[in-house]
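This briefing covers charged side-chain pairs and their surroundings. The topics are grouped below the structure.

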Amino acid sequence: MGAKAKKALKKNMKKISASSSSQLAVPQNPKPSADFLPLGGGPARKAPVTKPLESKATVLYIGRLPHGFYETEIEAFFTQFGTVKRVRVARNKKTGKSKHFGFIQFEDPEVAEIAAGAMNDYLLLEHMLQVRVIPPEHVKPNLWKGFKCQYKPVDWVQIERKQHNKERTLEEHRKMLHKVVKRDQKRRKRIEAAGIQYQCPELVGNTQPLPKKIKFSED
């Protein structure tokens, strides 16, 4: 082998070694991997990075409230999680009694999420509470209407007392006596139908009302 042939062989060996080393080397700026290929063809695309949506809900629904667990007790109990802005218990408009569900609003959305997760299915006074977060778009404008109103129980004893002691006209008094006699006759028939031998006592009283319970007309 001559000198020229040796030089040509060395050049070929250098080219082969350079090409192999370039193939094994890792590129400094690699292209980002594609997440999907478009159906219509074209270059590969990367899926857009979506940030998780931050919850802004601060209102909780509380269901299955036990008897005696009302606004004051709810606020005092849930204050352990964070600052409570307002509390409302749904009540009957006529009697004022609790409907056993209500709403509570926290100042911080994160606190509301923690309270909902901790208190849902929580056993309280033999009642399993149902607590869930209400999205802001589902909070009605009149949800907190009258939440500061103080609950005043209805005194049904006083109402019935006034109804019983009110002044009645002669016609009203006759109607009342007619109802009493009618009830007594029905009671006697039920006793006879049951086969019970019992002599019911006669009704004792005046058919005319007392002067202080009657209201006479001026005519």
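Helices (H or I, at least four residues) and strands (E, at least two) are DSSP runs, numbered from the N terminus. The model is predicted: local features need pLDDT of at least 70, side-chain atom pairs count only at pLDDT 80 or more, and totals for chains, interfaces and linings use all residues. Residues are numbered from 1 along each chain as its sequence is written, and side-chain values use heavy atoms, with hydrogens and water left out.

- The structure holds four salt bridges, a salt bridge being a side-chain nitrogen of Lys or Arg within 4 Å of a carboxyl oxygen of Asp or Glu.

- Glu71 and Arg91 form a salt bridge with closest N and O atoms 3.1 Å apart.
- Glu71 is in helix H2 (residues 71-78) and Arg91 in strand S2 (residues 84-91), so the pair ties together parts 20 residues apart in sequence.

**Accessibility**
- Buried means under 20% relative accessible area, exposed over 50%, and partly exposed in between (1.4 Å probe, protein chains only).
- Asp184 is buried at 7%, while Arg187 is partly exposed at 39%.
- Arg91 is buried at 18%, and Glu71 is partly exposed at 23%.
- Arg174 is partly exposed at 47%, as is Glu171 at 46%.
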